[in-house]
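Work through the exercises below with the sequence and the 3D view open. Try each task before reading its solution.

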Amino acid sequence: MSVEFKTWIHAKDMRERISLAVDELVAFANAKGGTVFMGVEDDGTVTGCTGYDTQKIMESIYDRTRPALFTDIEVIKYKGKDVLAIKAERDGTTYAVSDGRCLRRLGRNSKPYYPDEMSNKYTAVQSPDFSGQILADSTIDDINALEVYSLKEKLKVRDPKSSLSLLEDMSFLRDLGLIKTDDGVDRLTVAGLLFVGKETSVHRLLPQAEVIYLHYSEDNMEEYDSRLDLKQPIISVLDRLTERIQNTNKIRNVQVGLFRLEIEDFSEKVFQEALLNALSHRDYLNMGAVYVKHYPDKIVIENPGAFPEGITEKNIITHPSTPRNKLIAETLQRLKYVQRTGQGVDIIFREMISSGKPYPQYHVYNEAVALTIFSAVDDVDFVKFIVSEQDRMQKTLPLPEMMILRYLTDNKRIVLSEAQELTQFPIAETRKSCNNLVKDGLISLSGKEYMLTAKVYDAIKSDVEYAQDTVIRYVKAKSLIEEYLQAAEFITNEKIRELCGFTRQQARTTLDKMQAEGILRMEGKGRMARYYKNERV
């Protein structure tokens with residue numbers, strides 16, 4: 001963190017004071033962060049501040065920066081004088097003063113921060129996909145031949161039928177779009193640099209393409225005890241961090257019939273999908289790094305850049321693919337590191353749910369997205385049930401059906417609208433998922449609510465809980481019927497269905513039980529049957 005002293009008493013008015021602070025704060029925010037001390041002269045003499053309003057100062061700084069810069073102000077008392085410590089953090093966003101000037105701290109001074117420094121130099125004719133753009137300062141000397149060899153060898157293992165790995169190196173890179181010709185010269189694209197570039201070239205041409213790994217121990221969850229700073233090609237980063245995670249992974253054995261299922265703290269598939277997702281979707285014009293924070297009970301992956309337009313936490317599973325860096329995503333697909341271009345979020349959810357773990361959590365900030373995946377196994381019985389049912393039916397349960405089942409194990413009931421919000425699928429597809437589960441005998445419809453069948457309760461919970469739920473449903477229906485009969489002379493099967501949300505058979509069962517208890521008496525038959533309150537009760 002850097003510091004800068006600014007006078008208060010020698011500025012002609014508040015406007016000048018704010019202007020002095022804003023320039024330095026923008027420069028700090030575009031570098032490593034820093035603090036402006038208002039009320040201190042250049043030589044360190046404390047002259048103090050008077051007649052200030054810290055809230056108005058923060059709002060003035062906010063209004064005079066683009067994007068708006070958030071600051072903290074601390075009032076420091078020193079020998080009877082007030083000093084305002086105004087702090088700006090580096091968050092990876094590039095800030096400018098509202099008049100268009102962009103500054104960055106260099107040593108003890110603030111210097112202009114020009115566009116070519118923010119994103120390197122690219123050719124005049126560019127692809128709308130940032131990762132497909134040509135790096136004008138690159139040459140074939142920036143290619144790491146060992147990375148090319150490694151990619152081809154890994155592709156042979158991942159897809160033995162692929163002919164891509166049989167191509168000569170330059171043809172291989174050209175076919176993938178990792179190199180392109182610019183004025184007769186072969187140059188790397190941004191994606192090319194991120195797949196086969198030398199480490200020194202990544203540092204020179206795209207220094208923001210960095211992944212920082214932080215490890216936290218159980219003894220101290222606030223301060224990391226190990227750190228890796230990686231400015232290497234994507235697959236090298238993936239391999240190194242996967243090895244790190246695997247080396248500390250613990251395995252839980254779950255016996256399912258004659259088979260033993262091993263559940264890792266952090267599934268390799270989930271971690272790799274999440275990391276590749278971050279690297280292909282991050283904003284490479286943002287100067288921030290991707291952070292991988294490894295705690296004993298969770299991994300948090302933070303990447304610069306908000307969700308692509310139209311994507312939110314509430315539709316991320318089902319939203320059509322909109323990769324921010326299309327060529328990176330396509331290359332990962334062609335190299336068989338991902339099944340398809342796009343988020344791959346459904347794969348992460350499926351793996352987590354089927355392992356009995358909590359749902360992955362997304363947190364969206366102004367210019368960043370954080371994904372948290374957890375290690376704990378919340379429900380071993382659910383894991384056993386899913387494995388055995390899929391084996392019995394000889395099919396893999398679709399993600400929305402699995403999500404509905406998981407929800408019902410924790411919440412007992414769900415209505416269609418809740419299921420739609422949970423799965424993020426359209427209402428018609430959600431209804432189809434519920435109908436499939438009913439058909440498979442896994443859930444049943446009770447009025448407008450879905451609940452687990454006795455068979456599933458027996459496997460996941462207990463027959464006692466199932467009986468308790470059935471009793472509760474009857475008690476609620478009985479209370480509604482008795483309340484209705486306080487104002488009405490009689491009630492019908494049709495009215496009970498409307499009142500309780502029951503099917504005809506559920507209404508019939510309820511009426512039979514209330515008659516058996518002597519609460520109701522029936523007059524008439526069939527559709528003309530009417531039920532009266534038994535006055536003897």
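**Exercise 1. Classify T503 and describe its surroundings.**

Solution. Start with accessibility: T503 has a relative accessible area of 32%. Buried means under 20% and exposed means over 50%, so T503 counts as partly exposed. The model is a predicted one. Next, locate the residue: T503 sits in the loop between α18 (493–500) and α19 (504–516). Then list its contacts. Not counting residues up to four places away in sequence, T503 touches G447 and R497. Last, take a distance: the C-alpha atoms of T503 and P323 are separated by 46 Å, and these two residues are 180 apart along the chain.

**Exercise 2. Find whether Q272 is buried or exposed, and name its contacts.**

Solution. Second, read its relative accessibility, which is 14%. Because this value is under the 20% cut-off, Q272 counts as buried. Third, leave aside the neighbours within four places in sequence; Q272 is then in contact with R158, L238 and T242.

**Exercise 3. Describe how helix α9 packs with helix α10.**

Solution. Two packed helices are described by the angle between their axes and the distance between the axes. Here α9 covers residues 268–281 and α10 covers residues 326–334. Their angle is about 145 degrees, and the axes are 8 Å apart. Now find the residues involved: α9 contributes L276, L279 and S280, while α10 contributes I328, A329 and L332. Sorting the contact by class gives five nonpolar residues, one polar residue and no charged residues.

**Exercise 4. Count the cavities of 30 Å³ or more, then describe the largest cavity.**

Solution. The count comes to four cavities of 30 Å³ or more. The largest cavity has a volume of about 190 Å³. Its lining is made of 19 residues, and those nearest its centre are N277, N303, F307, Y362 and V369. Next, assign the lining to elements: α9, β16 (298–304) and β18 (368–374) each give two or more residues to the lining of the largest cavity. The largest share comes from α9, with four residues. By class, the lining of the largest cavity has 13 nonpolar, five polar and one charged residues.

**Exercise 5. Examine the backbone at P67, K79 and K336.**

Solution. Begin with P67, in the loop between β3 (65–66) and β4 (72–78). The peptide bond from R66 to P67 is cis, with omega near -10 degrees.

Move on to K79, which lies in the loop between β4 and β5 (81–88). K79 is not a glycine, yet it has a positive phi of about 50 degrees. Its relative accessible area is 72%, so K79 is exposed.

Finish with K336, in the loop between α10 and α11 (345–354). K336 is not a glycine either, and it has a positive phi of about 65 degrees. At 39% relative accessibility, K336 counts as partly exposed.

Note on methods. Residues numbered from 1 in each chain as written. Predicted model: local features only at pLDDT ≥ 70, side-chain atom pairs only at ≥ 80, totals over all residues. Heavy atoms only, no water. Axes fitted to C-alpha atoms, helices over the stretch in contact; angles between N-to-C directions. Contact = heavy atoms within 4.5 Å. Nonpolar A, V, L, I, M, F, W, Y, C, P; charged D, E, K, R; others polar. 1 Å grid on protein atoms, 1.4 Å probe; cavity = no way out; pocket = protein on both sides within 12 Å on 5 of 7 lines; lining within 4 Å. Points joined across faces, edges and corners; volume = space filled by probe spheres on them. Buried < 20%, exposed > 50% of the residue type's maximum accessible area, 1.4 Å probe, protein only.
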